[in-house]
Structure formats: structure tokens, C-alpha cells
Amino acid sequence: MSETRYADARAVAKAIEPSYPVYCLSPSKIEATARNFLNAFPGRVLYAVKCNPHPRVLQALYDAGIRHFDTASLPEIAQISESYSDAHLYFMHPVKSRTVTRTAFDVYSVRDFVIDHGAELDKIVAAAESERVNVFVRLKTPETKALYNLAAKFGASPEVAVDLLKRVQKEGFRPGLSFHVGSQCLVPQAFNEALNLAGYVLSRAGVHIHYLDVGGGFPANYPGQGAAPLEAYFRSIKKGVKKLGLRNDCVLMCEPGRALVADGCSLLVQVLLRKENELYINDGIYGSLSELVLAKMQLPARVIRLEGEVSQTLRAFKVYGPTCDSFDVLPHPFLLPDDVREDDWIEIGQVGAYSNAAATKFNGFSAETLVEVNEVLLPEPMLQAASARG
Ligand SMILES: Cc1ncc(COP(=O)(O)O)c(C=O)c1O
């Protein structure tokens, strides 16, 4: 990682003329986004490490005041606990081996675990002995309009959740309830509906929870999706929580990933070849851009050319990644200057979430370089809002 802080992706292109893909990270953008989230969410904010575990991203979040981390594996737990001695770690993967559960407990002093099945509770009972432990029961929520449904694989049905909550209490653990409405959730009301279901489960169980974790799913403002502002999500949560009659000391929590980091990072790629309306670039769906396919999203993009102007006329280009696989093509055309050519760079914005975290090294291609910048590319309306604020 370079110590230099560049103005923007253009300055990066000018300084290093990279023939390889480069992440351009704006720590100040991540810090500002995280601070806003921390100020506006009416409870405790955990960062979901899986979304982007790059040390510089974690540092920006830590600098903004994030001290609670949703971790889902021993390597994530080790990374956070070795980096930040005052971090509070939560093991939020509902399925883990006995050895991993015990190691998290014994070696890393993790005391917060999530489960969605009785056999997982048995593992915690075996590992935890008489220590004070918080056990969250993850509830399956109904499918809603989100880019990923995260309730398909995990989550207990209301009936199972009722039984698990009672058992958690009987074992002497402090019970909590959690859910995830789906990543990039486009319906604020989904949180309210999930909380209604939580209310039903809690009244059937007759258990007073110490923790209520409403998960992640808060959207980034990608082009063309019309995501509502975060305040609409927080209002929906407040409304839903009010109806639950929770104990006064019940801690409300959330585990955002994407909403904290998506906007803070751009990807600088280079055009390797142009064939008419087709471009071949040096990163793709096996690398930093897998979400374009999985989540069917579009991202802002602009051409950077060091010598001379680019055309003002735009044209739609089909964009291929660098691997030999024909599947390595971006699902949406990119609207770029019609004279874009070999050796031009393209800055692709809003790639902070699930990019480096999900990238493979297929065919020997991977983005290994990260530099810091002040400004990253954002969609037009956001740029206008930023300049209106001065
Ligand atoms: C348990 C859990 N919490 C939080 C997150 C973060 O979700 P998001 O990035 O949508 O906020 C995820 C994402 O997969 C998750 O599985």
C-alpha cells in the first residue's frame, strides 16, 4: 500500500500509469459515511467485516468510531482482534464447527454468538461452560425486494426460533434476536415487517431479549435503483421496535457492510483492446466486479485519458474482463465516450463493497494494489449534492 494520498483516480493514472487494476480508496469518504451512520442509527453499529476486510478500510471505520464488528470466521476474528485491542467481536455466522466455536471462545474471548438450529446451541453449551454468553437466535424473514436474499440459507422459522429462545434462556445464556432482510434492500418497510415477525416470536416465547440485531441490508445509492435515504430505514426500524415492548436495557444493534463502504472506493482499470463496440479491460467478473453479475447492478464510470480530450458523444460498449472465459463479460453495457481506445483508463465508482472481498485469482488475474485518494467517482446526483454543499 502506498503512503501517498492522490487527489483522485486521474492523479493515480498520471503518477503510476498502471497496466493493472488499482483500487482507489477514499478514507475520508468512508469515515464521513460511517460517522453519519453512527450518528443517525438509534443503537449500536457493528461493521460486517466480510464486506471489505482491507486493513485501510477497517482503519477508516475505526477512525470514524466503529468499535463493534460482525465477524463470520476465525480469520476475520483474528484479523480484528490483532488489529484493535478495544474491538468488540460478535461471531455472526450461524454454522460453525465445534473446534471453531471453542477457539473463538477460548482464544479470542468471543462471547456473542448467533444460531439458527439446536445443534449449534449444543456447540456453544459445550464451549462456553459457565461464562456469561449472549446467544442471538437468527430469524428467517420473508423475501423482499433486495439484491440478495439472505434468508434462503440461514434463519430459523418462527416456531423453531420460539423453541431456541426458550432453550437459550434455560441454558443460562442471555438471549438476543437477529435477522437479515437481504443485502441492498430497497424496501425500508421490510425492517418494520421483520420486526412485526420478531414481535410475534417474542410474545410466543415469553422471553425478554437483551439484544435485538436488525442485521445489514441498508442500501448504497447505486445508479438507477432509486434507493430511499437511510433515514427512511431508520424510521421503519424505530417504528417497528416501539411496538415490541422490549426491556429498557435491551440493546438495539445493526450490522451494515455495504452502506458503510460501497461509495468509498473506485476501481481504476485500463482498456486492453477495443473491437468496434466492445472493450477488453484488465478486471472483470472473476475479480473486483463479480457483484455486477450477482446483484445485476450498474456502476458509474468515466474515461481517463492523460493526453488530449475524450469525445463528448457517448456510446454503449460491451465490456469484457481479462480471463479466457466467455462468461467474463459485464452484464450491462457501459456508456462511454465514443472514441475510447486502448490504453485509456476507466474509473468505475462505488466498488467498495464485496469487490476485493469476493475476488478470485482465476487465470492469474487479480487486483492487488490499493492507493488512497481524496475524491472517488460517485453517481451524478450525488456529485451535484456534494458540490451544492460546497
Ligand atoms: C449476517 C450478516 N450480517 C451483515 C451482513 C452485511 O450486509 P450488507 O452488506 O447488506 O449490509 C451480511 C452480508 O452478507 C451478513 O450475512
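Contact here means heavy atoms within 4.5 Å, and buried means under 20% relative accessible area, with exposed over 50% and partly exposed in between (1.4 Å probe, protein chains only). The buried residues of α9 are A232, Y233, F234, S236, I237, G240 and V241. The helix itself covers residues 230-242, 13 residues in total, and its first and last C-alpha atoms are 18 Å apart, close to the 18 Å expected at 1.5 Å a residue. That expected span is 1.5 Å times one less than the number of residues. Helices (H or I, at least four residues) and strands (E, at least two) are DSSP runs, numbered from the N terminus.

Before going further, please keep in mind that this is a predicted model, in which local features need pLDDT of at least 70 and side-chain atom pairs count only at pLDDT 80 or more, while totals for chains, interfaces and linings use all residues. Residues are numbered from 1 along each chain as its sequence is written, and side-chain values use heavy atoms, with hydrogens and water left out.

Now for the charged side chains. Those of opposite charge can pair when their charged atoms come close. A salt bridge is a side-chain nitrogen of Lys or Arg within 4 Å of a carboxyl oxygen of Asp or Glu, and a search of the whole structure finds 16 of them.

An α-helix has 3.6 residues a turn, so residues three or four places apart point the same way. E31 is buried at 17% relative accessible area, whereas R35 is partly exposed at 38%.

Another salt bridge joins K50 and D70 (3.4 Å, N to O). K50 lies in the loop between β3 (44-48) and α3 (55-64) and D70 in strand β4 (residues 68-71), so the pair ties together parts that are 20 residues apart in sequence. K50 is partly exposed at 37%, but D70 is buried at 2%.

R247 and D249 also meet in a salt bridge, at 2.6 Å from N to O. R247 is partly exposed at 31%, and D249 is partly exposed at 45%. Finally, R5, R56 and E372 are linked in a network of salt bridges.
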